[in-house]
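Here is a short tour of one model, taken a few spots at a time. Have the viewer open and follow along.

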Amino acid sequence: MRPIDHQWKRFIEGLPPEGPLRSVILKSWQRSRDYGIDPMPNQLALHPISQEDLQRRVDLNRELVDIASLHLSWISSSLAQIHNVLFLVDRDGIVLYATGNDSRMREAFHVLPGYDWSERNMGTNAAGTALSENQAIAVAGPEHFIQLFHGYTCTGVPIHASGSVVGAIGIGTPVADGNPERMILTAHTAYVVEQELMHRQIERQAESMKAEAMTLLANALDYKTILSSIAHLVVPRFADGCLIDMLEEDQSIVRLAVSQADPSQKALASELQRDPIDPGVSHGAPRVILTGQSELYPEISDFLLQESAFDAAHLKLLRQIDSKSAMVVPITGRGRVLGAITFASEASGRYSRVDLALAEDLARRAALAIENAQLYGAAQREIAERKRAQEALRRSEERFRQISESGILSVAFFDLSGRVTDANEAFLKMIGYTREALLEGKVRWDRLTPPEWRERTAQAIQELKIQGRCTPYEKEYFRKDGTRFWGLFGGAMLNGGEEGVAFVVDIAERKRAEASLRQSEEKYRNLFETMAQGVVYQDAEGKIISANPAAERILGLTLDQMQGRNSFDFSWRAIHVDRSDFRGEDHPAMIALKTGEEVKNAVMGIFHPVEKGYRWININATPKFRSGEEKPYQVYSTFSDITERKQAEEALRRSEGQLQAILDHTTAVVYLMDLDDRFMMVNRQFETLHLKKEAVYGKSLHDLFPKEVADALRANNRKVVEAGRPLEFDEVVPQEDGTHVYLSIKVPLLDHKGNPYAVCGISSDITDRKRMEETLGKKTVEAEEANRAKSQFVSMVSHELRTPLNAILGYTELLGRSQFAEDPVKRAEMIDRIYYNAQSLLQLINNLLHLNRLEAGQMPVKDETVYLHDMVRKIVYRLEPMGEEKGLKVSLVDDCGPLPIHSDPKKIEQIITNLISNAIKFTDRGSVTIRLSDLPAEQHVAVEVSDTGIGIAEKDFSRLFEPFYQADPSDTRSYEGSGLGLSIVKKFAELLGGTVRVESTVGAGTTFTVRLPYENVRLRSSAA
């Protein structure tokens, strides 16, 4: 056998090819099958693209085409003694460029620009499979999926750029050449193309980054912003991480900027920025800042990390960041080192001297921008300081001017003779004089001062002469028209005592307010003395300082008896509502003094010493504050006597308690709901719904139950209110142990006007009774169904047994008659009919036995190689006469070959025989078609049996595969059968790891589809 034939035989049998790349070729073969490529084509299936699409792709990959075409042309010329074809495909497998001296191969197989050589369209080939597998590969002639290049070996290598596959190179040479260096040559060519692509990309990035850096740095006036901009500029286009460290004036090193490309490394980068920097380490930024010399680390070893780490924690952090290469460059300005920039990459060998030069250029630009920013900052600070000084002077002058001109304060200048020499408009307006009168010397202090205030004025003048100032005091003044006003005077001497300045504030309004306050206090005193509520004032320590007569009456004590006592005095004998002692620190007045907040509606029982019993009071306590103070200096308490109300409430509570006790001991659930479906009252039995009484009051149905339950209960309440009479309902309520049914009697409650205001419900749990009724009904239905099934089964089996038995007995009896015994033709016919009916009887018995063993789980399954085509063809051949008797065409359609699978042949034969027999039985005219299909993507084969018979109604689909089921169960049905065939088909298919599906239209026909796996996984796993 020729090697190619041997290899092709292995391929047809599904075995992997031989050779070092066998697994890669095998996976490519499988993908080619899945893509639907014919392994034995009559001619090559070409897939060219349009010229417009080709031109677009060439333009899109112009740089790749230019570089690759140059190298491929050179290689073709260097291989002039060997037939060769060299070509470039893009990432989709479209040929962008082709050259070489083997024109026969290029023209015969269209290795030309614009043709699709992807694996999806052309199967296993060097360039297409290299793209699919993303690895270098050599494909010999026998390994090509569609056997095109038996005389060639083609090598293919993918081309990468920026971490992605952008295309592939293919080189084809004769198999006879057999030179293993072809793979090395192809791989080297791809590497050279990748390197040139990378260098061009780096050059473009460098120019772009320089231009962007110039723009950023030219517009930045803050050096911290400059550093942050640089760090984010270089990441990720030039580095995976960037650190910028600056030298402070105290020679410490501070890390001012950090940028990281990988989001998962952000936390580590932040931690790296927080760590203090040790200036004494022998590598990295501290060393570069010290020496002013750049450092390049093409490979970062663990030893280098140890030398660069400040401590163990810093070393652990550096290892976690896991940079593979780095470089550090100084930031130098005006002959001194300002700081350093560190560039780090996750790729080993990422940086070279070219990259270092670019980094140093960025650092120089940054240093210049930092110096400019520092100069700008210094200039801005000097300008700001000068502006602050000018603004302070302006504000000072403006304040004096505003005070003088605002009219809030009246200002006057005077000499020692008592003449007012100058004044602002507010002073002149206050005294009623004009500025002309002032200038004429008509404004004097003695004319402005009433006689009774002259002595006090003289004292103030004497104080001015001795001390240079006088204490402000209040006095009355004359206006020019003779009216008086109250003013507050204050003054001081200027210019060594030769001149004085005074201010006079009009306090007439305040004096009127004081008079009004006195009147108000008098009214308050009258109210305080006559009001029905008790009022008690206490100082900051809680001692009583005042109380009104109502307080004396309610408490049974006089003011003298109360003054000086505080809330901690044991003689008060105060109690809470529950009769427990009311401690002094709990008194509302003490709480208000402590917290500074008002306390309202506290209820207290206080012993009345005259009545010898407790009186109940409702207290409000309010703290009082002085202006600007946070701690109260006083508290006053107001309280009302609520003894009679408490007595009535107590009587009502006793009455309600008695009613609640009665309701709590009933077995029914009792409740009241208002017209908004909120619970007003429930009894203890309500807790059977797992809802505590305390958690129910005030809640609505929708607060406590699911929406659909609450809506149903609410609807029942509405019906009761609308009917105006008691109604009875069955209500369903979910509980923790399941759904419960309640018999509820609901009654509307009416007010004195006859209007409904609430609904009263009494509900009894009838869940057990309902469940018993439901169970009883189910049992009755089950018994009736079992009885019908038994009768149907007995009728069907007896009918199916009697029919062949009667035939056998009848034909046997006929054989005993002389006229049949002597006629060999009739005798043979009788024997055939006896044999046919015996076979039918045996099949029924076998089906019953199969069903019994399947349901008992005792059905064995064999594992053999089954050639499905051969098996189905034999079955069709055997059953064709049965169809021909009815005038039916029985045909087999198979385009898939032998279809070998591993399964149980007997059970598959039983499945297919049952389906074809059924199709023939239920088809009176037309055809029965059996179709075989291979489903490689799902690792299954399919057997499809279609007929043009009576069809199956959709209502019968759900029970179609049940044992003994007949769409027409009567004894007079048109089609005989036990109803076991389809049941066994389904159970056998599932036993073999497969499925069965039915599609049917009444009157048009039925299609049954059985899908079986290549390998019975269930059987293999049990065998293992």
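## Around Asp116

Asp116 is buried, with a relative accessibility of 11% (buried means under 20% relative accessible area, exposed over 50%, and partly exposed in between, with a 1.4 Å probe and protein chains only). You'll find Asp116 in the loop between helix H5 (103-108) and H6; helices (H or I, at least four residues) and strands (E, at least two) are DSSP runs, numbered from the N terminus. This is a predicted model, where local features need pLDDT of at least 70 and side-chain atom pairs count only at pLDDT 80 or more, while totals for chains, interfaces and linings use all residues. Residues are numbered from 1 along each chain as its sequence is written, and side-chain values use heavy atoms, with hydrogens and water left out.

What does Asp116 touch, leaving aside its neighbours within four places in sequence? The contacts (heavy atoms within 4.5 Å) are His47, Asp92, Gly93, Ile94, Asn121 and Met122. Asp90 sits 26 residues away in sequence, with 9.7 Å between its C-alpha and that of Asp116.

## Salt bridges

Side chains of opposite charge can pair when their charged atoms come close. Here a salt bridge is a side-chain nitrogen of Lys or Arg within 4 Å of a carboxyl oxygen of Asp or Glu. Asp90 and Asp92 turn up again in this context, linked with Asp53, Arg56 and Arg57 in a network of salt bridges.

Searching the whole structure gives 39 salt bridges. One of them joins Arg31 and Glu119, whose closest N and O atoms are 2.5 Å apart. Arg31 belongs to helix H2 (residues 22-34) and Glu119 to helix H6 (residues 119-122), so this pair links distant parts of the chain, 88 residues apart. Both Arg31 and Glu119 are buried. Then there is Arg200 with Glu63, where the closest N and O atoms are 3.8 Å apart. Because Arg200 lies in helix H8 (residues 181-219) and Glu63 in helix H4 (residues 62-78), the pair ties together parts that are 137 residues apart in sequence. Arg200 is partly exposed at 30% relative accessible area, and Glu63 is partly exposed too, at 25%. Asp904 and Lys907 make another salt bridge, with 3.1 Å between the closest N and O atoms; both of these residues are buried.

## Positive phi

Most residues other than glycine have a negative phi. Arg573 has a positive phi of about 55° although it is not a glycine. Look for Arg573 in the loop between helix H21 (559-562) and strand S18 (574-575), where it is partly exposed at 46% relative accessibility.

Asp677 also has a positive phi, near 65°. Its loop runs between strand S22 (669-674) and strand S23 (679-682). Is Asp677 buried or exposed? With a relative accessibility of 2%, Asp677 counts as buried.

## Around Ala589

Ala589 is part of helix H22 (residues 588-595). At 0% relative accessibility, Ala589 counts as buried. Setting aside neighbours within four places in sequence, Ala589 is in contact with Gln538, Ala621, Val635 and Ser637. Tyr636 is 47 residues from Ala589 in sequence, and their C-alpha atoms are 7.2 Å apart.

## A negative patch

Out on the surface, Glu736, Asp737, Asp765 and Asp768 gather in a patch of negative charge. Patches are made of residues with over 30% relative accessible area and no salt bridge, with like charges joined within 9 Å and nonpolar side chains (Val, Leu, Ile, Met, Phe, Trp, Tyr) within 5 Å. Asp768 belongs to helix H26 (residues 767-815), and it counts as exposed at 57% relative accessibility.

## The whole chain

Zooming out, the secondary structure comes to 32 helices and 33 strands. Of the chain's 1024 residues, 41% count as buried. Among contacts in the chain with a separation of 6 or more, 55% are between residues 24 or more positions apart.

The chain exposes about 56700 Å², an accessible area from the Shrake-Rupley method with a 1.4 Å probe. Carbon and sulfur atoms supply 53% of that area.

Notes
Lys, Arg positive; Asp, Glu negative; His and termini not counted. Charge placed at Lys NZ, Arg CZ, Asp CG, Glu CD.
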